[in-house]
Amino acid sequence: MDRKVVIPGEIIAEGEDLLPGEHTEKIDGKVISLRYGLAEEQNSLVKVIPLSGVYSPRRGNVVIGKIENLTNNGWVVDIGSADSAFLSLMEVPRYVNKDAMEEVFKIDELLIAKIWSIGKRGIDLSIKSRGYGKIEEGMVFSVNSNKVPRIIGKEGSMINIIKEKTGCEIDVAQNGYVWITGPSIDDELYAKKAINFVTEKSFIHGLTDEVTKWFDENKK
Amino acid sequence: MDKVRTTFEVTGERIRRYLEEGKRFDGRTPFEFRDITIEKNVSKKAEGSVRVRIGKTEVIVGVKMGVSEPYSDSPTKGNLMVTAEMLPLSSPRFEIGPPKFEAIELGRVTDRGLRESGFIDLEKLCIIEGEKVWTVFVDVYSINDDGNLMDAATIGSIAALKLARLPKYDRKEKKVLFDELTEERIPLTEKVPVAISVHKIGPSLLIDPTREEEDLSECRVTISFNKGIISSLQKSESAALEIDEMKKIFEIAEKASEDVLKQIEKKIK
């Protein structure tokens, strides 16, 4: 199936029986793209896979954020989206002394969390499950959040190859932040290079094979 | 001065540790410059213009000539005006509105390097003594900020000035004919002021930082060198320097400025 590159406002397809999917709109029987990305038609459903743009949060997403501010009942967290998120005291799985909230999270510290709910009041985060919490050390950098699905691959196939080849522990958050911890800085940089390769080549087919080839060509 | 930093502290820790081993994230040594590319005459209307790329950092520098009255204390000298703008499109750290501290500093450091070195022979830019002189406008625009805009601006200004041609001046009508460029160049001297910024991160010194490294910089010293003579010097940020460190900075900057000058000359031929 072929995809084509579309820009906002471009007519993707025409026809009364077509359904507008994600990032599209139907006006006068024409399906119009709302984003810059790849248009896809599947069983009369037309959708666009965005190639750029800011991260739009969804419930259940795992995100990496930076503490922006402390309030009397939680922390304001910058997760790279239009609105800031909020981590409530109730969602921290330990006792927190309200007079010493800096002991848990200070301003500018990083944390990995899950989006627990999105409502009118804003985005609420939680760190109650295993694997969430403060990022103490490692390398954190950002990539285009639209490329995150490609970095992870089908059922984690891509990220597992990179983990295996570099020996690093890698967390890819949905908002485009990548956290790498490895045995040495060289290993971490090697993993970063591999991830950058994936984001650059994200549009080609059979990317997992390409990455395996890349690892053979670019040994440490 | 509050600075917006886009590099995370945990990543910063890694950069510092790696630097102590004498290594950098992009595989360079601390005193290695990134590749410089210079694209000539990118602007149609400017008398001389270049697009300079240092790695991913990109600036456009344009030179425009104008005729105006000289200042009363220098009736036989032309004028030089340098302005720098940090466009919001080049980095999430810059915003629209009046120029901030960083943009003003960028313009002034570039200006001082060009002025104090005597690179432009301002005496020769006099048309009628006390009445009409040429004014050289140098405009620096950042297109992409991946660190080290300071050095990119000076490299761009030097290249643009070297390429610029004077427009025709109608003495009778007292008008500049911008459409008719003459073959005449701006009178330049051999004193080329190549500015090199040396940054200090922890105990390590380095040149040509990327955005990540510049975020961590504790102190920056920008030195304009022309053939071993210092024509301007600017220290920014709060960290203090020891005398030995300062001596080392001079050595690094002098060596780097020679290399960069050779590169500029090769690229604008």
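**Legends to close-up views of a two-chain predicted model**

**Figure 1. Overall dimensions of chain B.** A compact globule of 269 residues would have a radius of gyration near 18 Å, and chain B agrees with this at 19 Å; the radius is taken over C-alpha atoms, and the globule rule is 2.2 Å times the number of residues to the power 0.38. The structure is a predicted model, in which local features need pLDDT of at least 70 and side-chain atom pairs count only at pLDDT 80 or more, while totals for chains, interfaces and linings use all residues. Residues are numbered from 1 along each chain as its sequence is written, and chains are lettered from A and ligands numbered from 1 in the order in which they are written. Along the principal axes, the C-alpha atoms of chain B fill a box of roughly 65 × 35 × 35 Å. Five helices and 12 strands make up the secondary structure of chain B; helices (H or I, at least four residues) and strands (E, at least two) are DSSP runs, numbered from the N terminus. Of its 269 residues, 39% count as buried, a residue being buried if 20 or more other C-beta atoms lie within 10 Å of its own, exposed if 12 or fewer, and partly exposed in between, with C-beta atoms placed from the backbone. Among the contacts in chain B with a separation of 6 or more, 69% are between residues 24 or more positions apart; two residues are in contact if their C-beta atoms, placed from the backbone, lie within 7 Å.

**Figure 2. Helix 1 of chain B and its surroundings.** Helix 1 (residues 9–20) of chain B has 12 residues and should span 16 Å at 1.5 Å a residue, in agreement with the 17 Å between its end C-alpha atoms; the expected span is 1.5 Å times one less than the number of residues. The buried residues of this helix are B:Thr11, B:Arg14, B:Ile15 and B:Leu19. They lie on the same side of helix 1 of chain B, because they cover an arc of only 130° around the axis, the arc being that of the directions from the helix axis to the C-beta atoms. On the face turned away from this buried side are the exposed residues B:Arg17 and B:Glu20. The cover over the buried residues includes strand 9 (194–201), strand 10 (204–207) and helix 4 (211–216) of chain B, together with strand 14 and helix 3 of chain A. Just after the helix, B:Gly22 takes a positive phi of about 80°.

**Figure 3. The contact between the two chains.** Chain B contributes nine residues to the contact and chain A contributes 10 residues. On the side of chain B that touches chain A, four residues are nonpolar, one is polar and four are charged. In this classification Ala, Val, Leu, Ile, Met, Phe, Trp, Tyr, Cys and Pro count as nonpolar, Asp, Glu, Lys and Arg as charged, and the others, Gly among them, as polar.

**Figure 4. Surroundings of B:Ala159.** B:Ala159 lies in helix 3 (residues 149–163) of chain B. This residue is buried, with 25 other C-beta atoms within 10 Å. Apart from neighbours within four places in sequence, B:Ala159 is in contact with B:Ile38, B:Val50, B:Val52, B:Ile264 and B:Ile268.

**Figure 5. Helix 3 of chain A.** The 16 residues of helix 3 (residues 185–200) of chain A should span 22 Å at 1.5 Å a residue, and the end C-alpha atoms are 22 Å apart, in agreement. Buried positions in this helix are A:Glu188, A:Leu189, A:Tyr190, A:Ala191, A:Lys192, A:Ala194, A:Ile195 and A:Val198. Within chain A, the buried residues of helix 3 pack against strand 14 (139–142), helix 1 (148–152), helix 2 (157–166), strand 15 (169–172), strand 16 (177–181) and helix 4 (207–217).

**Figure 6. Two loop residues of chain A with positive phi.** Most residues other than glycine have a negative phi. A:His23, which is not a glycine, has a positive phi near 60°. A:His23 is placed in the loop between strand 3 (19–20) and strand 4 (24–27) of chain A and is buried, with 20 other C-beta atoms within 10 Å. A:Glu155, also not a glycine, has a positive phi of about 50°. The loop between helix 1 and helix 2 of chain A holds A:Glu155, which counts as exposed with 8 C-beta neighbours inside 10 Å.
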